[in-house]
Amino acid sequence: MTVSEMKFSFSHLFSISLFIVFVVNKAHCIRIPDRISETTRDQPDQQNLKTAVFSLGSFWRSEAVFGCLPGVVRTTVGYAGGSKINPEYRSLGDHAESVQIEYDPRLISFRDLLEVFWSSHDSRQVFGQGPDVGNQYRSIIFTNGTDESRLAAVSKEKEQTRSRSSIVTTQIQQLGIFYPAEAEHQKFELKRHPFLLQLLGNLPGEELERSSLATKLNGYVAELCPPIIQMQIDAKINEIIKKGWPVLREL
Ligand SMILES: *[C@@H]1O[C@H](CO)[C@@H](O)[C@H](O)[C@H]1NC(C)=O
């Protein structure tokens, strides 16, 4: 399937789904539950999770890039890398837009995350990414401990070799404080799709932000999942819609 076909199938599916939900609601008055409790499968053992933080341009997109990787449990957008206390979106000072990733190291490694980091933005761009211009969009790998610092340095060297004469601008910094961003910036892509929010059972704010399913769907709607995962989620949503009971419990 080509990308444009996939785009088509998604938007097509999307309008059909909206139509079905509308008809189902109208005709049979099926009540969609306001919320569903997440299964234990969606709440992996917290103690074994690790955390990574990266800056690679707009955090709305960064969150979607990492959200649907197998092993990623949760993502949060925020501010890091600067010195300003309590930064905010409109006054983030010297911080960079960042994404914090909670992951299960048995399923995905820091090294894997670095691969995704490099392949998901242009580390040679100075002062921004694409249309997003400014210091807040700079490229940073945050590290915690000597192992991560070494892995980051090695991967940057490799990237520099690949980039030939253009300078890789990515900074490697010791992770300091990560300030979570305001609620409206969390799962930003997903929030533009009310139908999918409804599929999740219209979780209240904080629950949505912490939901692993929402994390995955946020990447899916931005079409930033690895192709195979993008198709799996497509299929799953399709199946739910066919069954006529539009609540998504797992992926
Ligand atoms: C750094 O790693 C240690 C051990 O893995 C962990 O306990 C600590 O919370 C981490 N620090 C940050 C800032 O994430």
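Which residue in β3 does Phe-54 stand opposite? Phe-54 faces Val-99. This is a predicted model, in which local features need pLDDT of at least 70, side-chain atom pairs count only at pLDDT 80 or more, and totals for chains, interfaces and linings use all residues. Residues are numbered from 1 along each chain as its sequence is written.

**The sheet**
- Six strands form an open sheet with mixed pairing, in the order β7-β6-β1-β3-β2-β8; strands (E, at least two residues) and helices (H or I, at least four) are DSSP runs, numbered from the N terminus.
- β7 (171-174) and β8 (179-180) are the edge strands with a single partner each, so one side of each has no neighbour in the sheet.
- β1 (residues 50-56) pairs with β3 (residues 96-103) in the antiparallel sense over 5 bridges, where pairing takes at least two DSSP bridges between the strands.

**Helix α3**
- Helix α3 spans residues 110-119, and its buried residues are Phe-110, Leu-113, Leu-114, Phe-117 and Trp-118 (buried: 20 or more other C-beta atoms within 10 Å of the residue's own; exposed: 12 or fewer; partly exposed in between; C-beta atoms are placed from the backbone).
- Those buried residues line one face of α3, because they fall within an arc of 135° seen down the axis (taken from the directions from the helix axis to the C-beta atoms).
- Glu-115 and Ser-119 are exposed on the face turned away from the buried side of α3.
- The buried residues of α3 pack against β1, β3, β6 (139-143) and α4 (146-162), with contact meaning backbone-placed C-beta atoms within 7 Å.

Note on methods. Two residues are in contact if their C-beta atoms, placed from the backbone, lie within 7 Å.
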